[in-house]
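This briefing concerns helix packing, the chain interface and the nonpolar core. Please consult the display below alongside the text.

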Amino acid sequence: MSTTARLPSAIDGKPATLQSVMAHSPRVRAAFDKMYATLWSRGSVDLDVKELVRLRNARVTDCGL
Amino acid sequence: MSWLLNGASSRDDLLALHPALAADHHRVLDEVWQASVDPRILELCRLRMATILGNTAAWNERRSPAAVAAGLDEALVVSMAAWSTDPGFDAATKACLGLAEQYVIDVHGITDAQVAEVNDHIGPDGVITLTTAFAAWELTHRFDNSLLDNSLLDNAVIDTTSTGAS
C-alpha cells in the first residue's frame, strides 16, 4: 500500500493528506462521509461490534491506515 | 427474494430496512453521477466491477440514466471484456477501466503511474470521484451478492474475463 498521496492537496498551503486530497471532489466526499457517519451513529448494531468488524476488515484487506 | 426480508424483490427493498442509510447511499450515488467524470465511463466501470464481483443484479437493472443521456454505446457494454484491445474504447475510458479492475482484483497493485494516467485524463477531482464511486459500487455489489436471493442474481450472462489488470 502506498502511504504517500498520489494526488496534490486541493487546499492551498496544506500538505497532501487524505482530507486535503479528498477535497478535490468535496460534494462526493461529503456525501460519502455522511453515509459513513450514519453507519456508525445509527442502527441497531453495537458500536463495539462495528469496531471489531472494521478492524477485521482492515486486517483482511491489509489496510495500513 | 431475500432471506433477510420476505417479499423483498430489490436492493431498495432491503435498504429500506435502514432508511437513513438508504438515503445516504442514494445521495452518494447521486453526487457521483452529477460530478465531472463522463457518466459513460462511470457506467462502464460500474458494470465492469459488477462482472468481476459476479453481481448479475447490477446487469439486470436499468443503465444509468446519466450515461444513457450522454450517449452510452451498448456495443461497448457488450464488448467490455475486451476493452484493453478493442479500438472502440478511448484512452480515458481504458485508463479508468484499468483502475477499476485493479481496484477490485488487487487494490495494493495500483501503481503511481496508473493513478497519474487517470489523473491526466480526468483530473484530480475526477480521480477522487472515480475512486469514491469504486468504493460505493463495491459496497453495492457485495451487498447484492450477500443479501439478494439467487433468483435476482441470475438471468444475466456476464463475461468474467479480465483483460486489463494484472
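In which crossing, left-handed or right-handed, does H3(B) pass H8(B)? H3(B) passes H8(B) in a right-handed crossing, where the near helix is turned clockwise from the far one by less than a right angle. This is a predicted model, in which local features need pLDDT of at least 70, side-chain atom pairs count only at pLDDT 80 or more, and totals for chains, interfaces and linings use all residues. Residues are numbered from 1 along each chain as its sequence is written, with chains lettered from A and ligands numbered from 1 in the order in which they are written.

**Helix packing**
- Helix H3 (residues 39-53) and helix H8 (residues 112-147) of chain B pack at about 40°, with axes 10 Å apart; helices are DSSP runs (H or I, at least four residues).

**Chain interface**
- In the interface, 20 residues of chain A are in contact with 20 residues of chain B.
- Helix H2 (residues 26-41) of chain A supplies the largest share of the chain A side, 9 residues.

**Nonpolar core**
- The largest nonpolar core has 45 residues, and B:Cys45, B:Met49 and B:Ala100 are among those with the most contacts inside it.
- Such a core joins buried Ala, Val, Leu, Ile, Met, Phe, Trp, Tyr and Cys residues through C-beta atoms within 7 Å, buried meaning 20 or more other C-beta atoms within 10 Å.
- H8(B) gives the most to this core, with 10 residues.

Technical notes: Axes fitted to C-alpha atoms, helices over the stretch in contact; angles between N-to-C directions. Helix = DSSP H or I, 4+ residues; strand = E, 2+ residues; numbered from the N terminus. Contact = placed C-beta atoms within 7 Å. Buried ≥ 20, exposed ≤ 12 C-beta atoms within 10 Å, placed from the backbone.
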